[in-house]
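Trainee: I would like to learn how to read a fold from its coordinates. Could you walk me through this one, feature by feature?

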Amino acid sequence: MPMTPLNVTHPFLDADGDKLREECGIFGAIRANDAAAATALGLHALQHRGQEAAGIVSYDGKEFYASRGLGHVAENFSSAEAIAALPGHMAAGHVRYSTTGGAGLRNVQPLYADLASGGFAVAHNGNISNAGALRADLVSKGSIFQSTSDTEVIIHLVATSRYPTIADRLVDALRLVEGAYALIVMTPEGMIACRDPLGIRPLVMGRMGDATVFASETVAFDVVGADFIREVEPGELVLVDFAGEIRSVRPFGSPAPRPCIFEHVYFSRPDSVFAGRSVYEARKAIGTQLAIEAPCEADLVVPVPDSGVPAAIGFAMQSGLPFELGIIRSHYVGRTFIQPSDGARHSSVKRKHNANRALVEGKRIVLIDDSIVRGTTSLKIVEMMREAGAAEVHFRVASPPTAHSCFYGVDTPERSKLLAARMDLEPMREFIKADSLAFISIDGLYRAVGQEKRNTGCPQFCDACFTGDYPTSLTDLALAEARAAQLPFADPKAA
C-alpha cells in the first residue's frame, strides 16, 4: 500500500484527567467526489470525540493511501497537499483518544492490512472486552501484531477466517468479539459499516448527492451537507458497493439494544440527534428533572461550561431561578498546553474557567455539571466560586453517581479512583466543599431521555458506569482479576 508521509505533531497532555471522555469518532464516504476532503470535514465536526490523533485512509479503485498524525484534524488535514495525497472516491477517517493500546502513532486509525483478498482498512469506535484473550490466542498461532490496539485483533480474525467473501469473514470475526464496536471498513469491493449487536456505540448513515456517508454523529452530516437517512441498527452490517447498491444484513439475531446513555449526558455534541432524540433537548430535560428531584433555594443557576449549559437552562426554567454565566470559559486553552511547573498544573481549572465575580459575589449559587468523576475539578470550581465571594455554593449533577468503570470505549479511571465508588453522598459533598450536593436519579435520567423509567430486567440503555450492570461479558477483566487473586507461587495447574 502506498503510504503518504506521516504528519506527526505533539501528543496531548491532559491537565485534569477528571472528565469521562468518549474515545473515538469515525466518518466514511463512498462514491464521493473528494472523499478525503469530505472525510476531513466530517472529522472536524467529530473532533470533540477524540483530540489525541487523527487519520484518513482513501481508495482510488487501484491503491489505498493513508495519512495519520498525532494532534487535531486541522493539524493534519487542513492543507490542499494533505488532501491531494489521499485520492479516490472512497475514504474513511478516525479521531481518537487512547483506550486499549495507549498512545502512539502505530495505534492511530484507520488501521490497514493487505489480506489475501486485497486491502482492508478499518476505523473502530468502541472497545473489545476480550481483545487480550483473542490476541494471545492469535499470537500463539503465529499472528504478528504491528500495533497494541484492540482493533488490530479484528483484522487478524478476518485474515484467518476461512469463509469465502470478505463480508462473511468479517461476520465470522465479529462472532468471536465481545464488547462494543461501531466499524467503518474499506475493501476493494466497497464499504461496510456495522455496530455491535447491542448498539452500544453510535453510528448513523446519510446521503450526500450520489455518495453514501457514515458517521458517529448526525452533526457531521450537517457540516458536510449530507442528509440523515437513519441509524445503522444494532447488529446490522450495511454494505455499499461502487455502483451505489446498498445491502443490509443482520447476522447476530435481535437482542434488545443497549446504546450508551452517556451520549445524551455528555459525549455527543448538543446539535446532534441520538437514538431519535435531540441531544440538546434531552439535556434540557435532564436539567428539568434534576430541579424536580433536587430543588434548591438560591439566587442564580450557573452552568459549568460548556457541558453543563443545556442542563442548567432546564434547571433554571423548572425552578424559576435566573440562569447566569457565573463562570466564563476560555476557548483558547488547548489540551496541548505545556505545564511550566508542577505548581502551574494546579491552576489548570483557572486557565480554562474564571469566576464572573461581579455576578456571583454575595449570591447563593447552584452549579450544574454533567458528572463528577474523580471530584478534583468539582472541588476546584467550588473553591473558585467561594474565592469570588459566593455566599453559598450548591452542586447539582445531571447524571447519577459514576461509580463504575466503563469497558466499552470510554476513558474512565480505575474504579478505586472514582469518587462515587469510594464515598457516599455526604462524604462526597464534604470532599468538594459544597453546601449541598445532589445527583439526578437513574429513573429520572431515563424519564428525561423519553422512557417511563429504567427497566431493571432489560435496561433500555447501557448505564453500567452508574449501575455496574454490564451488558456483555468482560473476559479480559475476569482473567486479570483471576490472576491478581492467585496466591503467590501457586501452581496454576493445581486449580
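Mentor: Happy to. We start with strand pairing: two strands pair if DSSP finds at least two bridges between them. Helices (H or I, at least four residues) and strands (E, at least two) are DSSP runs, numbered from the N terminus. This is a predicted model, in which local features need pLDDT of at least 70, side-chain atom pairs count only at pLDDT 80 or more, and totals for chains, interfaces and linings use all residues. Residues are numbered from 1 along each chain as its sequence is written, and side-chain values use heavy atoms, with hydrogens and water left out.

Trainee: Which residue of β21 is the bridge partner of Ile-365?

Mentor: The partner is Val-393. That bridge belongs to the pairing of β20 (residues 364-369) with β21 (residues 392-397), which is parallel and has six bridges. On to the next pair: β21 and β23 also run parallel, joined by four bridges, and there Arg-396 has Ala-438 of β23 as its bridge partner.

Trainee: In what order do the four strands of the open sheet come?

Mentor: The order is β17-β20-β21-β23, with parallel pairing. The edges are β17 (300-303) and β23 (436-439), each of which pairs on one side only. From one strand to the next, the twist averages 20°. Helix α10 (residues 309-319) packs on this sheet and touches β17, β20 and β21, with its direction at about 165° to that of β17. Helix α14 (residues 376-387) packs on the sheet too, touching β20 and β21, and its direction makes about 150° with that of β21. Here contact means heavy atoms within 4.5 Å; axes are lines fitted to C-alpha atoms, for helices over the stretch in contact, and angles run from 0 to 180 degrees between N-to-C directions.

Trainee: Which way do the side chains of β23 point?

Mentor: In a regular strand the side chains alternate between the two faces of the sheet. In β23, Ser-436 and Ala-438 point one way, Leu-437 and Phe-439 the other, and all are buried. Buried means under 20% relative accessible area, exposed over 50%, and partly exposed in between (1.4 Å probe, protein chains only).

Trainee: How many residues of helix α6 are buried?

Mentor: Seven of the nine residues of α6 (residues 166-174) are buried, so the helix is largely enclosed by the rest of the structure. Among them are Ile-166, Arg-169 and Leu-174. The buried residues of α6 pack against β6, β7 (118-128), α5 (151-160), β8 (179-187), β9 (190-195) and β13 (237-241).

Trainee: What should I look at when two helices pack?

Mentor: Two packed helices are described by the angle between their axes and the distance between the axes. For α4 (residues 131-140) and α19 (residues 475-485), the axes come within 6 Å and cross at roughly 85°. That makes α4 roughly perpendicular to α19; angles under 35 degrees count as roughly parallel, over 145 as roughly antiparallel, 65 to 115 as roughly perpendicular and the rest as oblique. Ala-131, Gly-132 and Ala-133 of α4 meet Thr-475, Asp-476 and Leu-479 of α19.

Trainee: How many aromatic pairs does a search of the whole structure find?

Mentor: The search finds ten. Rings of Phe, Tyr and Trp (its six-membered ring) pair if their centres lie within 6.5 Å; planes under 30 degrees apart count as stacked, over 60 as edge-to-face and the rest as tilted. Tyr-59 and Phe-242 have ring centres 6.0 Å apart and planes at 35°, so the pair is tilted. Tyr-59 is in β3 (residues 53-59) and Phe-242 in the loop between β13 and β14 (246-249), 183 residues apart. Tyr-59 counts as buried at 7% relative accessibility, whereas Phe-242, at 34%, counts as partly exposed.
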